[in-house]
Amino acid sequence: MRALVMLYSVVSYFLFFGTFVYFIGFVGDVFVPKSISSGETMGVTAALSINVGLLLLWGVQHSIMARSWFKEAIARVVPHHAERSTYVLASTIVLAIMMFYWQPIDGVVWQVTNPLVQQVLWAFFALGWVLILVSTFLTDHFDLFGLRHGWLYFVKKTYTPVKFTEYLFYRWVRHPMMLGLLIAFWSLPTMTVGHLVFSIGMSLYVLVGIHFEEKALAKDIGPSYQDYQQRTSKVIPKVY
């Protein structure tokens, strides 16, 4: 049983990792066969309806599964040592569905032709993803994606929550991973209408997600996190 839980954690992790790497190419319209602006187009109304539905699916899945009441409700079916990996696996499936069924929408909102500006935008695009990856390790990458839960259960050790520490980016902003996503979603030389719908929808999810995560962290951690809130910005240093 313990070996199966560990295997489940590892498989869930690598499935998510591979899907997320594909997601980078999907957002950037580079290196992948199916990207955010590729494929045959359909009517604007139909495409917009499908895309909004996919964004809502993503938002609902992440929001509901992250809530404590949901975790308590499924505790009898999904034990704690497999709960995080289940969340990661569900996120992987929803992310794959969103990319597979995403519909391109014709029209260009902006298109940068200056080579230097293009390079700057691509540099910011890469910076966003690097910021996300580094931020996961500044907290606890393996705990965040469920591997630590499975490993501790495998070696018969009691799970203990990771202690929050203010390293690097976390000294200035409380959600550097979300900042990385916002940078990556908007730092592109070409912004199609379909891509604009995606960037707006995902940005709204990020902001709403931050709101609920802040409330949960303040409740779980208590005064120390409330003090941290007073000293730092949510996403943009010195601004928000």
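In which helix is the place of Ile97? Select Ile97: the residue lies in helix α4, where helices are DSSP runs of H or I with at least four residues, numbered from the N terminus. This is a predicted model, in which local features need pLDDT of at least 70, side-chain atom pairs count only at pLDDT 80 or more, and totals for chains, interfaces and linings use all residues. Residues are numbered from 1 along each chain as its sequence is written, and side-chain values use heavy atoms, with hydrogens and water left out.

Ile97 counts as partly exposed because its relative accessibility is 30% (buried is under 20%, exposed over 50%, partly exposed in between; 1.4 Å probe, protein chains only).

The largest share, four residues, comes from α4.

Keep α2 and show helix α9 (residues 193–221): the two pack at an angle of about 20°, with axes 10 Å apart. Axes are lines fitted to C-alpha atoms over the stretch in contact, and angles run from 0 to 180 degrees between N-to-C directions. α2 and α9 are therefore roughly parallel (under 35 degrees; over 145 is roughly antiparallel, 65 to 115 roughly perpendicular, the rest oblique).

Last, select helix α5 (residues 115–139) and helix α8 (residues 176–186), whose axes come within 7 Å and cross at roughly 160°. This pair is therefore roughly antiparallel.
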